[in-house]
Amino acid sequence: MIRPRLIPVLLIDQRKLIKTFQFKDEIYLGDPMNTVRIFNEKYADELSIIDRSAWKKSIDFDFLGSLASEAFMPLSYGGGIKSLADAEKLFRSGFEKLILCSMLFESPSTIREIAKCFGSQSVVVQINVKKSFFGSLMVYDHRNGKNVKALDENFIKSILDLEIGELILNFVDRDGSANGIDTKVIESFSKICSVPLIASGGIGNLDQIKEAFKAGASAIAGSRFFCLQGPHKAPLIKYPNDKEILSLVNREVI
Amino acid sequence: MKNVGIIDLQVSNLGSVINMIKKCGGDAKAITNYTDAKSCEAIILPGVGSFDEAMKRIDQMGIRTFLADFGASGSPLLGICLGMQLLLNSSEEGNAIGLGIIPGTAKKLKPTDTSLKVPHMGWSEVSVKNPHKGLSGLKSGDRFYFVHSYFASPDNKEMITLETNFGQTFASAIGKDNVLGVQFHPEKSHRFGLSFFKSYLEWIS
């Protein structure tokens with residue numbers, strides 16, 4: 001029985017937890033340490049921590065080490081990872097997987113190096129996806145806010161060549177919207193993706209999650225679904241229970 | 001409540017183990033030297049990375065004989081992940097000599113299903129093979145988080161307390177009297193890990 005993977009993403013900035021909307025507007029959610037503890041109590045099977053402030057500065061190892069010490073589940077980390085040394089330090093700090101995004105633009109060969117040195121299974125690449133003015137899928141560079149190239153089969157294949165473990169397609173337009181994921185895109189890319197594909201951006205309810213799995217996603221990642229409730233976006237942490245999780249793929253609770 | 005020490009081989013963050021034990025009402029501290037190790041009534045040996053590197057650090061800390069004697073004396077010793085494999089004589093992963101507390105060797109995972117990739121990384125279920133008092137908080141069907149490429153193969157198969165399947169059936173926990181080893185990471189397995197530590201701490205006190 002394959003248990004569906006639901007991954008809450010905690011976006012932090014200067015040690016504060018925030019939630020963005022289409023990568024533009026944002027609200028303050030609270031203390032990341034406390035949030036990790038709440039996810040412990042909700043029995044979240046895994047968490048992703050993304051530190052936005054690490055992009056321009058450096059990785060906040062002290063804080064991340066403390067955060068990892070609070071977590072009773074496996075963790076992934078993304079934000080400002082630049083080298084093999086960064087990777088090693090993060091693994092020693094208590095993270096199981098690394099999420100690489102800027103490195104794809106800056107130094108893709110380092111991605112391959114990290115995968116070779118620490119194992120593919122610990123390397124996740126995230127592609128931020130945005131639709132162009134004409135409606136075609138583009139790879140979005142969060143560092144400068146520009147669409148840089150077409151998201152197509154060739155691009156995916158070039159990333160898979162780096163021997164990574166998992167791929168996240170994060171839909172910028174749907175970020176924080178709760179409008180659901182783009183099932184057609186997930187369907188077509190899951191067919192050509194030889195590693196687990198994680199659908200991210202737009203998750204608002206369990207039905208949408210179910211659709212994502214049906215479309216071929218191996219896992220879903222989200223923030224709003226797990227951290228905000230209702231149309232007024234009130235901060236409240238939730239994580240589906242066992243019955244709800246297993247119902248996503250029509251499996252019965254044993 | 002026993003004075004629990006967690007051997008710090010400086011390869012991983014012990015924070016989650018310490019905090020989970022605290023959450024269970026226990027108290028554990030990181031041990032970085034022989035003197036501190038001697039004062040412990042119960043020892044936890046975690047481990048991440050390679051067999052040879054871990055044994056090298058144990059030798060550097062000068063606690064190899066101490067750990068072997070501790071285990072042989074009947075004092076509670078718990079090996080987690082690589083820590084469990086260090087309890088054995090050797091590993092296919094390297095050339096170092098293990099602690100030899102539980103006769104056996106660590107072998108490479110070779111799942112018969114080629115779609116399963118090694119290392120085994122993710123949540124998997126355990127089933128009870130030979131019940132052990134230190135694992136009374138667990139039952140068949142409980143799941144834990146695993147990250148490993150090698151598994152423990154004790155000479156005496158009756159020492160296999162829990163089994164898990166990953167393209168092959170392997171020992172997810174082994175036990176010999178008061179020495180226990182678990183292949184999974186209880187500190188990363190939320191409620192299942194808490195159940196494990198609760199009953200383990202009760203058993204050793």
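Modeller: Let's begin with a definition: helices (H or I, at least four residues) and strands (E, at least two) are DSSP runs, numbered from the N terminus. This is a predicted model, where local features need pLDDT of at least 70, side-chain atom pairs count only at pLDDT 80 or more, and totals for chains, interfaces and linings use all residues; side-chain values use heavy atoms, leaving out hydrogens and water. Residues are numbered from 1 along each chain as its sequence is written, while chains are lettered from A and ligands numbered from 1 in the order in which they are written.

Biologist: Which strand gives the most to the lining of the largest cavity?

Modeller: That is β1(A), with three residues. β1 (5-13) and β10 (166-171) of chain A each supply at least two residues of this lining. Among the lining residues are Arg5(A), Ile7(A), Val9(A), Glu166(A) and Ile168(A).

Biologist: What makes a space a cavity and not a pocket?

Modeller: On a 1 Å grid over the protein atoms alone, a cavity is a set of points where a 1.4 Å probe fits but cannot get out, whereas a pocket is an open set with protein on both sides within 12 Å along at least five of seven lines; a lining residue has an atom within 4 Å of a point. Points are joined across faces, edges and corners, and the volume is the space filled by probe spheres set on them. The structure holds three cavities of 30 Å³ or more.

Biologist: How many residues line the second largest pocket, and what is its volume?

Modeller: The volume is about 1100 Å³. The lining has 40 residues, and the closest to the pocket's centre are Phe91(A), Phe118(A), Val48(B), Gly49(B) and Val147(B). By class there are 17 nonpolar, 16 polar and seven charged residues. Here Ala, Val, Leu, Ile, Met, Phe, Trp, Tyr, Cys and Pro count as nonpolar, Asp, Glu, Lys and Arg as charged, and the others, Gly among them, as polar.

Biologist: Why is the pair Phe226(A) and Tyr239(A) called stacked?

Modeller: Rings of Phe, Tyr and Trp (its six-membered ring) pair if their centres lie within 6.5 Å; planes under 30 degrees apart count as stacked, over 60 as edge-to-face and the rest as tilted. The count comes to 19 aromatic pairs over all chains. In this one the centres are 5.7 Å apart and the planes at 25°, so the pair is stacked. Phe226(A) lies in helix α9 (residues 224-227) and Tyr239(A) in the loop between β14 (234-235) and α10 (242-247) of chain A, so the pair ties together parts 13 residues apart in sequence.

Biologist: Where is Gln14(A) found, and what is its phi?

Modeller: Gln14(A) is in the loop between β1 and β2 of chain A. Its phi is near 50°, a positive value in a residue other than glycine.
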